[in-house]
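Good morning, and thank you for coming.

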Amino acid sequence: MTELPYLSLIIWLPVLGAVLLLIVKGDTAARWVGFGVSALVLVLFAVCFGAFEAHLGEPQFVERMPWIESLGVSYHVGADGISILLAGITALMWPLALLGTWTIVSERVRAYQVFMLLMETTLMGVFFSLDLFLFFLFWEGMLIPMYFLIGIWGYENSARAALKFFLFAVFGSLLMLAAVITLAFLYHQAHGVLTFEMAALYQLSIPADVQFWLALAFIAAFAVKVPMVPFHTWLPDAIVLAVVLVKMAAYGFIRLTLPLFPDALVELAPLMCAVAAAGIVYGALIALAQSDIRRMIAYSTISHAGFVVLGVFALNQHGIQGAVVHIVSLALSTGGLFLAAMMLVQRRNTWDMDAYGGLWHTIPVFSAFLLLFTLASVGLPGLSSFVGEFLILVGVFQQNILIAAVAATGVILAAVYMLRMYRKVVFGPLTREENKRIRDLSFRETAVLACMTLFIIWIGVYPNPFLRTMEASVQKLLVQTHRLAETPPAGMVPVSTESIPPADPAGPGGPSGPDATPEISQDTR
Amino acid sequence: MNSALPAINIYAVMPQIVLVSAATVVLIVGLFERFRKGIPYLSLLLLAVSGVVAVNQLGRGPVAFSDVSPMMVMDDFSLVATLVFIAGAVLTVLISISYAEARSIDRGEYYALLIFAVSGMSMMAASTDLFTFFLGLEVLSISLYVLIGFEQRDAGSNEGALKYFLLGAFASGFILYGMALLYGASGSTEYDVIARTLGGERSDAVNLLLLGGLGLLLVGIGFKISMVPFHAWTPDVYQGAPTPVAAFLSTGSKAAAFVVLIRLLVSVFPGLQMEWIPLISVLAILTIAVGNVVALVQTNLKRLLAYSSIAHAGYMLLPLMAGSQDGSASIVFYLIVYTAMNMGAFGVLAVLSARGMPCATMDDLAGLGSRRPLLAAILAVVLFSLAGIPPTAGFMAKFYLFSALVYGGYVELALIGLLFSGVSLYYYLRVVVWMYMRPAAEAPAEAAGRLSFSGMTALCLSALAILAVGVFPSELLQLAEQAVMTLP
């Protein structure tokens, strides 16, 4: 289809950049290399995205070559509608994040850029791998850059946090590794061929009880990283990467847990939904009690991650599409929120909400952006999170009304803790002297945040391009997931155009969704 | 045919002959004070020659030393093992150069003994008879006793040597006694005859002798590979020995014992599988558990590496249970990777201490990431590899090993092993934490001098090999598979 190995370029270009970084001298040069390479990846990705044919549902841009033949491992990459969206948000966020932290990271700049680029490689690798072994390699390899990023450039107690994170993650991954090996073994027993091809492994029929344990092992690996309650305790210390992890782990659920273990899901899915719903409320309640902005964002991420998992395990078109959109929007809204908060903290050097107040008067541009990210996190119609949360709730509603009701309270609580934070930081009288002298955003910072805002509004107002991109792939996934389930699944109808809720007329600019159906929009009220 | 003088095939023991001659040459040249500086390089050259000789013979099929009573065989298995030993010795020589100078132990005997040890290990790998096995073992052990105590002025070194000698002598005694029992059962010390005795009808008494013999051999070999409960010497000896010798001890001598163990268990004693499989699985798990758990609380780096090496011995014991070619190949592969990893880890310590920088405990590594970026990066690569995180060779080795185990039907053992390897991350990463995330307590008054070139060469080689094999393991995997192909 294409002549260039686009996906390989996207995956490996950052590694080249990292090697280049070892040669360049000086912090500024290093920053430019890091930003330049990630921007180049974004351009490549844009070309790729342009050529992507959404209606196919099959992996595209496939590259495949033998790699470790004696172990049945091949280098096999490809992108389908789900992976290309998640890879896309990664490609977009990376240059923005590097640009956004241009001056925030002032120590060991070169190493920072190296690890960021390496992490981009592993993330892209996770999204594009079609070979389970390759997937695991990237999945596990990611821990190294993450470990250093948390440990060296994290905030207080970072070394401890990094270690804690690493141990949590590795125990999950090791269970998954055992399951991966077992899967390959089972396939070898059944078909006499040793392979780690995901497509081949999907076809494997495994006894239900074995499936159950294997599924648990995979879930352990992903649940730690999502992070789901009760495996979340590393997160508040290592928030820097939370958004990235949610993305990966949810992708793991979608790509592996669902299609590999359909029988086990009959038992596990309701359980996962219940835990996810509990996590939503739990995260939100704890976020409510924080006065530290960073910890509040961390717990809100736990709460939002609950939504994502809930959507995935609703096991229907609405749920999964909603989950993917929600991941994308989380990256933008929570990522934006955190980036904005970091910019603020760079100026004032404290994460304590109570140390601020009245910022509206001194730094209006910043306050406006913060407002937008806050509202996006709350799930204001017309902004990105609303679409995801709405679809997820619709999906869950078809499965279990009670869980949907519990989860919906998370949206309300989100409004409470988010607006409380915003009120404390931005409104109120300007009492502190140091807040009066604070600088507003620079052009660079404004550009970064504006870019994110653009996408937040785009997804919020007109999500159809995104939904359509993954529609065929999600359908294929669901066919796979429900191949053995007895009851015909609910909600198998495609959901791209007709069920999108109308954007709030008062929302910032743009037409409301033209095809919105009235009865669904009533649910939202 | 002349019955008095059986036809022998000198060709079959060529690698060993070259190694022994090399050691002798080094020993003689070492007598002349004026060549002192050149000895290490001469050793490197001669080791390289022996390596070339071994590589030349690869893939030519097994050649027995003698048709009547084979004694030793040159097959791909022994050749690959010999190559691993030689590679380990080359790295040891490279990291020894500056270390030995700094401690004034740079004498000819040091390098000669090292090469003698390699020849002994090579003999062990090639042995198809208990006698040649024992001969090789003793050549290796005696060289090691001296090498460990080579720092005569250092109490730790002497203590280590004495400990290793006493326990090693015991281990040799066990092995001899086991040999006697096996001889009593089968009437021969040849592996083939013993295997045939096992295969045929056997009375209870013979069975008991065979079991006892195997058990005693396992005790002796277990000592060499520091298998629990014969591991107690390991931390003390590693701590006391000159660092390059500890590196050699933890890789080469352990690898040699493993090679013998594979040959014995896979091709001689499969008949007693029902008996040794439960025993080895329990001991392997215990070894992994003790190694990993005790390592958690170590602050001395050499002791930490000692316990880590105990744990790794435990992993390598596991695939023996699978009894498959895959299993044996995975051990060979692991041994190769493990040699590179441990050489790297001990090498960093050796290079640092050669420059007079203290590196006994974790505190001494604080801030190494900014003081010595390259060295810290190498140590980080090595530690991640020991922990089994991709894209390092350590991950591939672990993956292959645990796959072989699962394919052999031992999912539970694999799971236990994997979980303990998760525990190991804690102590490996703690070292990384100290290097990168703790500032040095006070600026250590270190010699600002350059690190030794030869040492850094060895370290860079190890680190590059670890990364290269981590990404492109195919060739090495094939080599490991080829190596075990000739084993029955």
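Let us ask of Ala366(B): is this residue buried or exposed? The model before you is a predicted one, and in it Ala366(B) has 20 C-beta neighbours inside 10 Å. A residue is called buried if 20 or more other C-beta atoms lie within that distance of its own, so Ala366(B) counts as buried. The residue belongs to a loop of chain B, the one between helix H13, residues 325-354, and helix H14, residues 368-371. For a sense of distance, take Arg107(B): from C-alpha to C-alpha, Ala366(B) and Arg107(B) are 33 Å apart in space, and 259 residues apart in sequence.

I turn now to the whole of chain B. The chain has 488 residues, of which 60% count as buried. Its secondary structure consists of 19 helices and two strands. The C-alpha trace spans about 70 × 55 × 40 Å along the principal axes.

Next, a pair of helices. The axes of H16(B) and of helix H18 of chain B, residues 453-471, come within 7 Å and cross at roughly 50°. Because of that angle, H16(B) is oblique to H18(B). H16(B) contributes Ala393(B), Phe395(B) and Met396(B) to the contact, while H18(B) contributes Ile466(B), Val469(B) and Gly470(B). By class, these residues are five nonpolar, one polar and no charged.

Helix H16 also leads us to the partner chain. How many residues does each chain bring to the contact between them? Chain B gives 27 residues and chain A gives 25. On the side of chain B, at least two residues come from each of helix H16 (393-407), helix H17 (411-437) and helix H19 (474-485). The largest share, 13 residues, is supplied by H17(B). The side of chain B that touches chain A comprises 21 nonpolar residues, five polar and one charged.

Finally, a word on confidence. The mean pLDDT of chain B is 90, and 97% of its residues reach 70 or more. For the model, ipTM is 0.88 and pTM is 0.90.

Technical notes:
Residues numbered from 1 in each chain as written. Chains lettered and ligands numbered in written order. Predicted model: local features only at pLDDT ≥ 70, side-chain atom pairs only at ≥ 80, totals over all residues. Helix = DSSP H or I, 4+ residues; strand = E, 2+ residues; numbered from the N terminus. Buried ≥ 20, exposed ≤ 12 C-beta atoms within 10 Å, placed from the backbone. pLDDT = per-residue confidence, 0-100. Contact = placed C-beta atoms within 7 Å. Nonpolar A, V, L, I, M, F, W, Y, C, P; charged D, E, K, R; others polar. Axes fitted to C-alpha atoms, helices over the stretch in contact; angles between N-to-C directions. Parallel < 35°, antiparallel > 145°, perpendicular 65-115°, else oblique.
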